[in-house]
Amino acid sequence: MSYNLFLLAFVLGLTGAFHYGLQVSIINSPAEYIQGFIRETWLKRYGSSPSAEMITLLWSFIVSIYSIGGLLGSSSAGYLSVRFGRKKTMLLANIPALLGAALMGLSRLCGSFEMIIAGRLFSGVCGGLAQNVHIMYVGECAPRNLRGLIAITASTSIAVGKFVGFALGLREVLGVEALWPVLLAANAVPVLVQFLTLPFFPDSPRYLLIDRKDKEGCIKAVKQLWGDGDHMAEINDMMSEQKAIGGEKAKSVWDLLRDRAVRWQLISLFLVVSCMQLIGINVVYFYAYNIFTKAGIPPAQIHYVSLGVGTTEILSTVLCGFLIERAGRKTLLWKSYTVMALALGLLTVTLSLQDSFFWVPYCSVALVFIFIMSFGIGPGGVVCPLITEIFIQSYRPTAYVFNGVTNWIQLFILGLVFPFIVEALGNFCFIIFLTYCLSMAIFVFLVLPETKGKTMLQVMEEFNRLNYRGKKGQAALQQSDCSVVTVTRL
């Protein structure tokens with residue numbers, strides 16, 4: 001196997017998932033300085049200081065508008081990835097990223113906090129577009145036996161992005177008042193590296209063969225990415241999928257919602273992948289500061305402990321990459337969901353008894369790390385190859401659009417209502433996320449088929465048993481386009 005495939009996975013991560021992780025974490029450190037800049041700018045313009053409510057409102061808008069940009073980027077990922085191809089779309093995603101970095105980097109020099117808002121919006125567009133296309137692109141480039149490992153590099157990129165964001169935000173690096181514009185513009189560096197290196201790699205072989213019907217280009221891309229070995233079995237699988245699709249164009253979101261042939265794929269996508277915000281990973285991060293303080297860690301050292309948490313997430317996604325082709329997707333998912341549900345349940349108890357016994361805070365710290373490791377080994381890593389594997393080529397771009405839009409809407413809504421949930425339920429807010437994790441463990445164990453080592457058509461046949469149950473379902477299956485799979489096999 002050529003190293004080019006792993007190099008491509010690294011290059012794609014620079015603007016794709018890494019950019020998302022970086023932007024999520026990098027905004028926390030300069031919060032105080034940016035709010036001070038808003039106050040100073042307002043005073044210079046209008047001759048009076050803004051109210052505390054106005055500063056809070058503008059700061060909240062700076063943070064939340066990234067989700068709005070992500071929603072816009074995700075909704076365009078399907079059309080652009082089919083119209084221009086995966087590679088060109090990734091290169092196009094660099095444009096709003098560079099524009100956003102320039103606006104935020106020059107905001108203090110120009111005396112405009114509106115430039116920070118606009119920069120965050122453009123960065124969100126890049127995050128929503130590039131993250132979806134990145135996972136689709138890298139999943140389609142990998143051979144069957146490495147599909148899980150290569151796709152999980154996207155999850156590792158997110159974790160590394162969060163870690164780098166935390167590290168750059170330290171006072172010893174860029175987390176000081178004089179350098180916060182540089183900190184906000186730091187994402188321009190990996191974007192430029194990708195912009196200069198990605199043109200040397202081919203487009204997705206599956207896209208070239210199935211969408212563009214360019215067999216020679218597909219074989220050339222396969223040789224460049226996988227080396228000079230015999231890869232005809234993989235290419236024949238792609239051709240079988242092409243015949244099964246029968247020349248159909250890429251499906252729309254409406255087709256995805258109403259087509260019986262992908263009903264259980266859509267249900268699995270929505271419950272297992274699109275609702276990942278309900279796992280509670282952001283809630284655990286929210287409570288982490290208080291948990292570490294109660295355990296006796298000085299507030300000044302909390303930032304360094306956060307780096308330890310980030311390192312744990314990186315290592316767990318790497319471990320998932322080694323396990324996914326051995327244990328399988330289904331096993332990792334339902335076992336990890338079970339462990340996370342138990343960790344959240346115990347965390348609810350320990351937080352309630354935080355001041356009762358001296359050893360309880362240390363149990364809370366251990367449960368935080370157990371939860372984060374389970375998240376990285378399970379859904380945090382496994383969902384990356386899952387969308388590519390459960391949908392055939394004609395539905396795949398639309399499935400990524402649906403997943404991206406749903407995720408960004410949930411992220412935005414959860415950001416708005418979460419403070420009220422915490423205020424109303426306190427430590428018992430974990431019960432909401434515990435219920436979701438436990439439900440997903442049961443759903444994955446009973447319903448979701450194993451996709452390890454299977455072709456796209458074999459996975460589709462597994463789902464057809466769910467989509468077309470009963471005599472009426474079998475009759476509908478024979479009349480549908482899915483029957484082409486049997487013809488292809490014969």
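Beyond its neighbours within four places in sequence, Ser157 is in contact (heavy atoms within 4.5 Å) with Gly13, Ala17, Phe18 and His134. The model is predicted: local features need pLDDT of at least 70, side-chain atom pairs count only at pLDDT 80 or more, and totals for chains, interfaces and linings use all residues. Residues are numbered from 1 along each chain as its sequence is written, and side-chain values use heavy atoms, with hydrogens and water left out.

Ser157 sits in helix α8. Helices here are DSSP runs of H or I with at least four residues, strands are runs of E with at least two, and both are numbered from the N terminus. The C-alpha atoms of Ser157 and Leu12 are 9.3 Å apart, although 145 residues separate the two along the chain.

His134 belongs to helix α7. Setting aside neighbours within four places in sequence, its contacts are Ala9, Leu12, Gly13, Gly16, Ala17, Met90, Ala154 and Ser157. Arg86 is 48 residues from His134 along the chain, with 8.0 Å between their C-alpha atoms.

Helix α1 covers residues 4–15. Its buried residues are Leu5, Leu8, Ala9, Val11, Leu12, Gly13, Leu14 and Thr15. Buried means under 20% relative accessible area, exposed means over 50%, and partly exposed lies in between (1.4 Å probe, protein chains only). The cover over these α1 residues includes α2 (17–26), α5 (86–105), α7 (114–141), α8 (147–168), α10 (188–197) and α12 (215–226).

Lys213 is found in the loop between α11 (205–211) and α12. Its phi is positive, about 55°, although Lys213 is not a glycine.

| Residue | Relative accessible area | Class |
|---|---|---|
| Ser157 | 12% | buried |
| His134 | 0% | buried |
| Lys213 | 56% | exposed |

Now the whole protein. It has 25 helices and 0 strands. Its radius of gyration is 23 Å, close to the 23 Å that the globule rule gives for 490 residues, so the protein is as compact as a globular protein of that length. That radius is taken over C-alpha atoms, and the rule is 2.2 Å times the number of residues to the power 0.38. The C-alpha trace spans about 75 × 50 × 40 Å along its principal axes. Of the 490 residues, 56% are buried. Take contacts between residues at least 6 apart in sequence: 84% of them join residues at least 24 apart.

The largest nonpolar core holds 82 residues. Such a core is a set of buried Ala, Val, Leu, Ile, Met, Phe, Trp, Tyr and Cys residues joined through side-chain atoms within 4.5 Å. Val272, Ile279, Tyr337 and Phe391 have the most contacts inside this core. Helix α18 (residues 329–352) gives the largest share, 9 residues. Apart from neighbours within four places in sequence, Val272 is in contact with Leu333, Tyr337, Val383, Leu386, Tyr436, Met440, Phe443 and Val444. A second, separate core has 35 residues, including Met90, Ile150, Leu209 and Leu225.

Last, the surface and charges. The accessible surface is about 20,900 Å², and 67% of it belongs to carbon and sulfur atoms. There are 38 positive and 28 negative side chains, and the centres of the two sets lie 5 Å apart. Lys and Arg count as positive and Asp and Glu as negative, while His and the chain ends are not counted.

How values were computed: Accessible areas come from the Shrake-Rupley method with a 1.4 Å probe; for residues, only the protein chains shown count as cover. The place of a charge is taken as NZ of Lys, CZ of Arg, CG of Asp or CD of Glu.
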